[in-house]
Amino acid sequence: MGQGDFDLLVRDVRNGRLSRRDAIARLVALGMSAGGISAVLASAAPQPVRAAPAGARGSSGVLKLLYWQAP
């Protein structure tokens, strides 16, 4: 397995065509060490997720509590 094959594997993991679990199984089958597998998967890290916009929570002024036990 050459460098181009690793690049294809990383691209498939990034695009979601291949799960991380499947990628690990393929790399283990090739006899890679744990350090090598972690290095390959670290390069396929997902893009940072943006936070959702802030909502208008608490705008009614009423605080509702849920008790798991009776008061």
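Select arginine 11: at a relative accessible area of 44% it is partly exposed (between 20%, under which a residue is buried, and 50%, over which it is exposed; 1.4 Å probe, protein chains only). This is a predicted model, in which local features need pLDDT of at least 70 and side-chain atom pairs count only at pLDDT 80 or more, while totals for chains, interfaces and linings use all residues. Residues are numbered from 1 along each chain as its sequence is written, and side-chain values use heavy atoms, without hydrogens and water.

Arginine 11 sits in helix α1 (helices are DSSP runs of H or I, at least four residues, numbered from the N terminus).

Next, show α1 (residues 3-15) with α2 (residues 20-29). Their axes are 9 Å apart, and the packing angle is about 160° (lines fitted to C-alpha atoms over the stretch in contact; angles run from 0 to 180 degrees between N-to-C directions). The two helices are therefore roughly antiparallel (over 145 degrees).

Select the contact residues (heavy atoms within 4.5 Å). From α1, pick Phe6, Leu9 and Val13; from α2, Arg20, Ala23, Arg26 and Leu27.

Move to isoleucine 37, in helix α3 (residues 34-43). Buried or exposed? Isoleucine 37 is buried, with a relative accessible area of 9%. Beyond its neighbours within four places in sequence, isoleucine 37 touches Ile24, Leu27, Val28 and Met32. Finish on leucine 27: from isoleucine 37 it is 10 residues away in sequence and 6.6 Å away in space, C-alpha to C-alpha.

Key: Parallel < 35°, antiparallel > 145°, perpendicular 65-115°, else oblique.
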